[in-house]
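Hi there,

Here is the structure we talked about handing over. Have a look at it first, and then read on for my notes.

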Amino acid sequence: MAHAVFVSHCLPMKFPHAAITALAHVNGRVFIGTVEGSLLVYEVRHEKEFGGEKYSWAAHESRPRLTDKNTAVSQLVPLRDLQLILALLGGQVYLVALTSLTPKPLKGLAKCTLFAVKKQARVYTLAAVVSNKLMLYEYSSEGAEFRYTKTISLSDVPRALCWAGKALCVGLPKTYLLVDIGGATRELSPVGRNRAPQCLYLAQTKEVLLVKDKEGVLVEVEDSERAARRPAPLFLEPPTALAE
């Protein structure tokens with residue numbers, strides 16, 4: 001018997017802006033990044049009624065242009081306990097206050113193409129891709145900013161990135177690597193024919209899900225002595241994004 005974990009609901013909203021390029025959810029609000037560089041905020045309301053459930057939306061304060069650059073918002077990652085959101089647009093990473101939507105550029109990250117964030121022992125660590133380098137930053141509550149810590153050079157430009165425990169899983173055009181913060185690397189799997197890597201860390205099983213064309217592969221990453229692999233379900237089409 002099939003069991004639906006998620007049920008879709010279509011919101012009858014006329015979206016007045018350009019195409020959606022990034023999404024994030026924080027405390028009942030949906031943050032939407034657009035192709036023109038706008039950051040929009042909507043509250044989604046949920047009500048139970050006879051015969052089913054009803055969802056509605058209401059617009060909150062938005063910023064029609066996050067910066068003076070007419071470039072798409074490609075990533076939005078919330079830092080909920082800090083009341084901040086990290087945004088990537090035009091190759092620059094910004095810290096955006098959730099209350100005022102005021103952007104603050106991170107120094108040294110004007111040519112970033114991708115980033116990943118983790119929180120461990122109350123400390124946020126940011127890994128950002130700049131060309132073929134991984135640039136690491138740690139958040140300092142003292143200065144309310146991310147401070148640079150080190151750079152790790154790789155053989156090629158990463159196309160996918162996620163934290164996997166204390167290390168980073170990096171998807172290069174031809175192969176997946178596990179990179180520790182000391183710079184040591186371990187090959188996990190080839191990428192596949194379409195050279196479009198995607199990776200996702202599954203904290204409960206301490207495995208990373210890797211995409212090889214239409215196939216998924218689960219690889220253990222916590223045990224340095226071995227990297228046990230097991231197959232994951234097939235995808236109907238190669239996915240363009242993964243989320244837990």
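Below is what I found in it, going from the whole chain to single residues.

A word on the ground rules. This is a predicted model, in which local features need pLDDT of at least 70 and side-chain atom pairs count only at pLDDT 80 or more, while totals for chains, interfaces and linings use all residues. Residues are numbered from 1 along each chain as its sequence is written, and side-chain values use heavy atoms, with hydrogens and water left out.

The mean pLDDT (the predictor's confidence in each residue, from 0 to 100) is 84, and 82% of the residues reach 70 or more. Residues 1-5 fall below 50, and beyond near neighbours in sequence this stretch has zero contacts (heavy atoms within 4.5 Å) in the model.

The chain has 20 strands and zero helices; these are DSSP runs, numbered from the N terminus, with at least two residues (E) for a strand and at least four (H or I) for a helix. Of its 244 residues, 42% are buried, meaning under 20% relative accessible area; exposed is over 50% and partly exposed lies in between (1.4 Å probe, protein chains only).

Strand S7 (residues 92-97) pairs with S8 over three bridges, where pairing takes at least two bridges found by DSSP. Leu-95 has Lys-104 in S8 as its bridge partner.

There are also three salt bridges, each a side-chain nitrogen of Lys or Arg within 4 Å of a carboxyl oxygen of Asp or Glu:

- Arg-65 and Glu-36 meet at 3.7 Å, N to O. Arg-65 sits in the loop between S4 and S5, and Glu-36 in the loop between S2 (29-34) and S3 (39-49), 29 residues apart.
- Asp-81 and Lys-119 meet at 2.7 Å, N to O. Asp-81 is in the loop between S5 and S6 (84-89) and Lys-119 is in S9 (residues 112-120), so this pair ties together parts 38 residues apart in sequence. Asp-81 is partly exposed at 47%, and Lys-119 is partly exposed at 45%.
- Glu-145 and Arg-147 meet at 3.4 Å, N to O.

Finally, take a look at Thr-67, in the loop between S4 (52-59) and S5 (73-79). Thr-67 is buried, at 12% relative accessible area, and touches Leu-89 and Tyr-94, leaving aside residues up to four places away in sequence.

Best wishes
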